[in-house]
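Reader: I have a chain to look at and a few quick questions about it. Can you put it up?

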Amino acid sequence: MANRILSKSELASANGLLTEIRKQLEALSGGDRELLWAFRRKVFKELTYDERGKPMERRKIKEAKWKSQRGLCAGCNGPLPEKYCVLDRLEAMKGYTTENTRLLCATCDTRLQAEKGYT
Ligand SMILES: [Zn+2]
């Protein structure tokens with residue numbers, strides 16, 4: 001299934017919200033550039049968790065996937081490297097669950113991303 005995309009009016013709503021958030025961050029930091037940076041970073045991190053889940057949750061899924069795939073890449077069946085293997089969502093909107101993910105080597109991840117038109 002393709003990812004949900006925003007209609008023109010939904011995109012305008014999202015951009016309006018973003019403008020409001022930026023104004024509020026500016027006001028909250030009271031002209032302190034370092035505080036603004038820290039507030040922005042905090043909001044960014046939390047919104048990323050909303051979309052991707054927390055790193056600890058993804059790590060557990062990665063370990064489960066490693067076992068269920070017997071250390072082999074789901075793309076090429078080659079041995080997965082100990083580091084830099086990618087937990088790939090089959091459908092982005094369904095999130096990082098054991099049912100909706102697979103572990104890929106970096107080469108397969110790059111190839112599949114290119115095929116999906118993400119690069
Ligand atoms: Zn591979």
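Author: One term before we start: buried means under 20% relative accessible area, exposed means over 50%, and partly exposed is in between. Also, this is a predicted model.

Reader: Fine. Is Lys42 buried, exposed or partly exposed, then?
Author: Its relative accessible area is 44%, so Lys42 is partly exposed. Lys42 sits in helix α2, residues 33-52.

Reader: How far is Lys42 from Gln113?
Author: The C-alpha atoms are 28 Å apart in space, and the two residues are 71 apart in sequence.

Reader: Back up a bit. What's the overall secondary structure?
Author: Four helices and two strands. Along the sequence the order is α-α-α-β-β-α.

Reader: And what is the radius of gyration, against that of a compact globule?
Author: The protein has 18 Å, whereas a compact globule of 119 residues would have one near 14 Å. The C-alpha atoms fill a box of roughly 55 × 35 × 25 Å along the principal axes.

Reader: How much of it is buried?
Author: Buried residues are 22% of the 119. The accessible surface is about 9100 Å², and carbon and sulfur atoms account for 57% of that.

Reader: What about charges?
Author: There are 24 positive and 16 negative side chains. The centres of those two sets lie 3 Å apart.

Reader: What comes just after α4?
Author: Gly117, with a positive phi of about 85°.

Reader: Which non-glycine residues have a positive phi?
Author: Arg70 is one of them, at about 55°. Asn77 has a positive phi too, of about 65°. For background, most residues other than glycine have a negative phi.

Reader: Where are those two?
Author: Arg70 is in the loop between α3 (55-68) and β1. Asn77 also belongs to the loop between α3 and β1.

Reader: Buried or exposed?
Author: Arg70 has 65% relative accessibility, which is over the 50% cut-off, so Arg70 is exposed. Asn77 is exposed as well, with a relative accessible area of 59%.

Reader: Why does Ser29 count as buried?
Author: Because its relative accessibility is 6%, and the limit for buried is under 20%.

Reader: Last one. Where is Thr97?
Author: Thr97 is in the loop between β1 and β2. At 29% relative accessibility, Thr97 counts as partly exposed.

Reader: And how far is Thr97 from Ile61?
Author: They are 36 residues apart in sequence, with 6.9 Å between their C-alpha atoms. On contacts in general in this protein, take those between residues at least 6 apart in sequence: 44% of them join residues at least 24 apart.

Key: Residues are numbered from 1 along each chain as its sequence is written. This is a predicted model: local features need pLDDT of at least 70, side-chain atom pairs count only at pLDDT 80 or more; totals for chains, interfaces and linings use all residues. Side-chain values use heavy atoms; hydrogens and water are left out. The radius of gyration is taken over C-alpha atoms; the globule rule is 2.2 Å times the number of residues to the power 0.38. Buried means under 20% relative accessible area, exposed over 50%, partly exposed in between (1.4 Å probe, protein chains only). Contact means heavy atoms within 4.5 Å. Accessible areas come from the Shrake-Rupley method with a 1.4 Å probe; for residues, only the protein chains shown count as cover. Lys and Arg count as positive and Asp and Glu as negative; His and the chain ends are not counted. The place of a charge is taken as NZ of Lys, CZ of Arg, CG of Asp or CD of Glu.
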